[in-house]
Amino acid sequence: MVNQEKKNLIFFNAEENIKKYGLKYFRITQLCIDIHISKRTFYKIFCSKEELIKELYLNMLIGSYEDVIFILQAKTSFINKIEDISNIIEKRFYLFNNDSMDDLENSYPSVFLEVSSFRNERIKPLLILLIKKAQKHKIINDFEPELLIDLFFVSITSIFTEKLRNMENGNNQYQFRDIFNLILNGLLSKRGKSSLNYKLTKLR
C-alpha cells in the first residue's frame, strides 16, 4: 500500500473515530489498531497527531466549502439549498459544533485558529449571501445574517449535543433532522414556513 493510500485510510478512520468519540477521546493507538498499521508507520506519514488533525480538519473544511458553492450555484429553492447544507453540517458536525470547536481550541490552539479563520473567511460569507438572498425574497426573517448564523449554531449545538447523550446509535439522522427543522422553522418568515411545511408534507 503506497503512502497516499495509507494516508487516505488514516483520514477516513480518524474522521469516523472523531465523529463517534469526539476529539477529546481520539487516540492514535486505537486508530492504528483499527486499520492494522503500526504506530511507527503512522509517524512516517504524519510527524504528529496535531499534523493529522490539522490536515483532516482543513481538508474537510475545503470539501464543505466546495460543496456549499455547488449548492448555491444550483437552480434550486432556498428550502432545498438549506436542506442540502444541513446534510453537510450533519455529516461533518464536528466542524460546526461549538463544543467540538472548544475541544479543538483547548487541545490544538494553532489548528483551531486556522480552522476558525477558514470558517469565518470562506464558509460564513457564503451562508450570509444565502440568507440575504432569502431575506430579499421574504423567505427568512429580517435579522442580521451573521447574528442568525451564530444563533443557529449555538442552538443546534446545545440541543443536539444534549440529545446525543441519551440516544442509541442509529437514531442520529432522524434526531438531527427533527432538531434542524425545529430551529429553522423559528428563523423562517411566514412564507418560508409555508414552503418548509409543504416540503415536509410531501416527504411524509
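Trainee: At what angle do helix α1 (residues 3–21) and helix α2 (residues 28–35) pack?
Mentor: Helices here are DSSP runs (H or I, at least four residues) numbered from the N terminus. Axes are lines fitted to C-alpha atoms, for helices over the stretch in contact, and angles run from 0 to 180 degrees between N-to-C directions. The axes of α1 and α2 are 10 Å apart, and the packing angle is about 120 degrees.

Trainee: Which pLDDT do local features need?
Mentor: Residues are numbered from 1 along each chain as its sequence is written, and side-chain values use heavy atoms, with hydrogens and water left out. This is a predicted model: totals for chains, interfaces and linings use all residues, side-chain atom pairs count only at pLDDT 80 or more, and local features need a pLDDT of at least 70.

Trainee: How are α1 and α2 oriented to each other?
Mentor: Angles under 35 degrees count as roughly parallel, over 145 as roughly antiparallel, 65 to 115 as roughly perpendicular and the rest as oblique. α1 passes α2 in a right-handed crossing, where right-handed means that the near helix is turned clockwise from the far one by less than a right angle, and left-handed anticlockwise. α1 and α2 are therefore oblique.

Trainee: Which residues of α2 meet α1?
Mentor: Contact means heavy atoms within 4.5 Å. By class (Ala, Val, Leu, Ile, Met, Phe, Trp, Tyr, Cys and Pro nonpolar; Asp, Glu, Lys and Arg charged; the others, Gly among them, polar), the contact has 5 nonpolar, 2 polar and 1 charged residues. From α1 come L9, I10, N13, A14 and N17, and they meet L31, D34 and I35.

Trainee: Is helix α4 (residues 49–73) roughly parallel or antiparallel to helix α8 (residues 109–136)?
Mentor: The axes of α4 and α8 come within 10 Å and cross at roughly 5 degrees. That angle makes the two helices roughly parallel.

Trainee: How many charged residues has the contact of α4 with α8?
Mentor: On the α4 side, the residues in contact include I53, Y57, L61 and Y65, and on the α8 side they include V111, F118, I123 and L130. The class counts are 15 nonpolar, 2 polar and, for charged residues, 5.

Trainee: Which residues does L72 touch, not counting residues up to four places away in sequence?
Mentor: L72 is found in α4. L72 and L127 are 55 residues apart in sequence, with their C-alpha atoms 9.2 Å apart in space. With residues up to four places away in sequence left out, L72 touches K81, L126 and L130.

Trainee: Which residues of helix α5 (residues 78–91) make the contact with α8?
Mentor: The axes of α5 and α8 come within 11 Å and cross at roughly 155 degrees, which makes the pair roughly antiparallel. The crossing is left-handed. L127, L130 and A134 of α8 are in contact with α5 through F78, K81, I82 and I85.

Trainee: Which helix supplies the largest share of the lining of the largest cavity?
Mentor: On a 1 Å grid over the protein atoms alone, a cavity is a set of points where a 1.4 Å probe fits but cannot get out, and lining residues have an atom within 4 Å of a point. Grid points are joined across faces, edges and corners, and a volume is the space filled by probe spheres set on the points; the largest cavity holds about 210 Å³. Of its 16 lining residues, I82, L127, I131, I149 and F152 are closest to the centre. The largest share, 5 residues, comes from α5.

Trainee: How many polar residues are in the lining of the second largest cavity?
Mentor: About 50 Å³ of space lies in this cavity, whose lining includes S64, V68, I85 and L127. α5 gives the most to that lining, with 3 residues. The residues divide into 8 nonpolar, no charged and, as polar, 1.

Note on methods
1 Å grid on protein atoms, 1.4 Å probe; cavity = no way out; pocket = protein on both sides within 12 Å on 5 of 7 lines; lining within 4 Å.
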